[in-house]
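Trainee: I am new to this structure. Could we go through some of its helices and one of its strands together?

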Amino acid sequence: MADTAARDFYGATLDTPLMLGTAQYPSPAVLEAAFRASGASVATVSLRREAGQGQAFWEIIRGLGVRVLPNTAGCHSAGEAITTARMARELFDTPWIKLEVIGHADTLQPDPFGLLEAAEVLAAEGFEVFAYTTEDQVLAARLLDAGCRVLMPWGAPIGTGLGLNNPYGLRCLRAAFPAIPMVIDAGLGLPSHAAQAMEMGFDAVLLNTAVAQAGDPVAMARAFALAVEAGRLAHMADPMAPREMAAPSTPLPGKAWL
Amino acid sequence: MADVTVLGAGVAGLWAAFTLSRAGLSVRLIDRHGGPGPHGCSWWAGGMLAPFCEGAMAEPAVVAHGRAAATAWATVTEVIARGSLVVALARDRGELERFARRTGGHRQVTDLRALEPDLAGIRQALFFEREAHLDPRRALADLVAALGARDVPVETAETTPEDIPGPVIDARGIGAGLPGLRAVQGEMVVLRAPEIRLTRPLRLLHPRHPLYIVPRPDGQYMLGATQIESADRRGMTARSLMELLGAAYALDPRFGEAEVLETGADLRPAFADNVPRVLVRGRVVHLNGLFRHGYLMAPALARQAADWITQGIKGDLVDVD
């Protein structure tokens, strides 16, 4: 039987299991419209580039009326990520931080060692850390030991739109820590990817490029909203198990069979 | 008293003054610094007149009005009507296909030897034949000269619309501090690379570091431009410089030998939809929000402001409160 109890995010329950990034939209007007269409309950914002001076842009983000999850996107060391997290806490007045420490410039793969180091420091400082990680179970356990209460395993490398690269690994991770809220973050390109993640029992998905860079970001936002809802319902409905043996869904009385 | 006073001698203010003067009005033009220069974002522009390419991200109004820009500019300055090219590195072929789907006015080119011999190694490109470019600083100077010839000098004064009697056009960009206006930082670099010969603007599509290169006279190339949601007044960051140069180097390693002549950064004024507007607020008419489309949209915006002031015609970019 699938577990249907909603896991909370540091005490908060989300209205919808969709988190949306705020970068790369054609304009802030399109960003706002996409958010409305998506019903996203959380907006992630990057502090590396849109540094503290972008007051007008921050006002737009705050005006979305959703929770803000600042991130440390583009940080390549624990030190950088910690500094960025502290800036974010001041700017957005939230203990939430999506912790991203990049270890490899080409694949933007998380640096597990830097990530763990930063997570320990930030959790001790009272941050509520959403750790952007891989599907590695050992790393997940270490991050939980460090004080993380939410994990964000990747679907595929950031911005690739490849979907869930390692469904087996993600299923194992989900099963290994059934009480921990997990968000599939990065690499989702299509609504079907998001639905698949939700069907597997993840608590939410986070995406950005797939909506922002779509030809019609507003329509794509709506498509993702429908997909996460479909996936969530499917998970709660306890899907059938795949089987090797064909079984006719309609009986065929009167036909000879062997 | 002048019929209209224009504040700000950037590309929007100059075009507004020029258009109103040609419509027969007496015009005063006042700028804090006495003319265009490094203090205004028009100075740092690429000078591409590329409405079709911009359509990949911009609203349809930008494409529609931008198409008339090259003809308008040709009345005051040299416009180089050689089209523009869009290319991608081999592994980013998908980006090129997507760009083609989202834009019009182009054709696929598989052999660049005739168009740009220096790019002969590139096997796939989009050619936007009807696009053009100009040298922005020369264009600004030519506009100032054309206004001077009409007895509209640029007066130097620090002033606001409240200080000026009568109808005012406020074209002070981000300095106008309009509600709903935000700053989007842009950075650029100018190189001299006499070994390389490109005759038309080139866009390199890249998932991380998109780049455009605009040829300037004397073997110079303007590389642009970052687009950062920030009102930061600092100069160009090392990171942006590395990204632009890295992309150029990937396109043609000879850019590695180029001389860096100049880097620049400034703030583009933009409204929420990144479409410029003529905001009529009593006797003050604001021309603002030209974002990255100053040279593309200034002629049309000035025309709509002039039509409103002289004939009460309300164009699609005019907002009357």
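**Helices and a strand**

Mentor: Helix H4 (residues 112-124) of chain A packs against helix H5 (residues 137-145) of chain A at an angle of about 15°, and their axes are 9 Å apart. This is a predicted model.

Trainee: How is H4(A) oriented relative to H5(A), roughly parallel or roughly antiparallel?

Mentor: H4(A) is roughly parallel to H5(A), because angles under 35 degrees count as such. The crossing in which H4(A) passes H5(A) is right-handed.

Trainee: Which residues make the contact?

Mentor: From H4(A), they are Pro112(A), Leu115(A), Leu116(A) and Ala119(A); from H5(A), they are Leu139(A), Arg142(A) and Leu143(A). By class, this contact of H4(A) with H5(A) has 6 nonpolar residues, no polar ones and 1 charged.

Trainee: Let us move to chain B. What span should helix H1 (residues 11-22) of chain B have?

Mentor: With 12 residues at 1.5 Å a residue, H1(B) should span 16 Å, and its end C-alpha atoms are 16 Å apart, which agrees.

Trainee: Why is H1(B) described as largely enclosed by the rest of the structure?

Mentor: The reason is that 11 of its 12 residues are buried. Among the buried residues of H1(B) are Gly13(B), Trp15(B), Thr19(B) and Ser21(B).

Trainee: What comes just after H1(B)?

Mentor: Gly24(B) does, and it takes a positive phi of about 100°.

Trainee: At what angle do H1(B) and helix H6 (residues 136-149) of chain B pack?

Mentor: The angle is about 30°, and the axes of H1(B) and H6(B) are 10 Å apart. That makes H1(B) roughly parallel to H6(B). Their crossing is left-handed.

Trainee: Which residues of H1(B) and H6(B) meet there?

Mentor: H1(B) contributes Val11(B), Leu14(B), Trp15(B), Ala17(B) and Phe18(B), which meet Leu140(B), Leu143(B), Val144(B), Ala146(B) and Leu147(B) in H6(B). The residues of this contact of H1(B) with H6(B) comprise 10 nonpolar, no polar and no charged.

Trainee: Back to chain A, please. Where is Ala204(A) found?

Mentor: Ala204(A) lies in strand S8 (residues 204-207) of chain A.

Trainee: Is Ala204(A) buried or exposed?

Mentor: Ala204(A) has a relative accessible area of 0%, so it is buried.

Trainee: What does Ala204(A) touch?

Mentor: Leaving aside residues up to four places away in sequence, Ala204(A) touches Phe9(A), Pro17(A), Met182(A), Val183(A), Ile184(A) and Met198(A).

Trainee: How many residues apart in sequence are Ala204(A) and Asp145(A)?

Mentor: They are 59 residues apart in sequence, and 22 Å apart in space, C-alpha to C-alpha.

Technical notes
Residues are numbered from 1 along each chain as its sequence is written. Chains are lettered from A and ligands numbered from 1 in the order in which they are written. This is a predicted model: local features need pLDDT of at least 70, side-chain atom pairs count only at pLDDT 80 or more; totals for chains, interfaces and linings use all residues. Side-chain values use heavy atoms; hydrogens and water are left out. Axes are lines fitted to C-alpha atoms, for helices over the stretch in contact, and angles run from 0 to 180 degrees between N-to-C directions. Helices (H or I, at least four residues) and strands (E, at least two) are DSSP runs, numbered from the N terminus. Angles under 35 degrees count as roughly parallel, over 145 as roughly antiparallel, 65 to 115 as roughly perpendicular and the rest as oblique. A crossing is left-handed if the near helix is turned anticlockwise from the far one by less than a right angle, and right-handed if clockwise. Contact means heavy atoms within 4.5 Å. Ala, Val, Leu, Ile, Met, Phe, Trp, Tyr, Cys and Pro count as nonpolar, Asp, Glu, Lys and Arg as charged, and the others, Gly among them, as polar. The expected span of a helix is 1.5 Å times one less than its number of residues. Buried means under 20% relative accessible area, exposed over 50%, partly exposed in between (1.4 Å probe, protein chains only).
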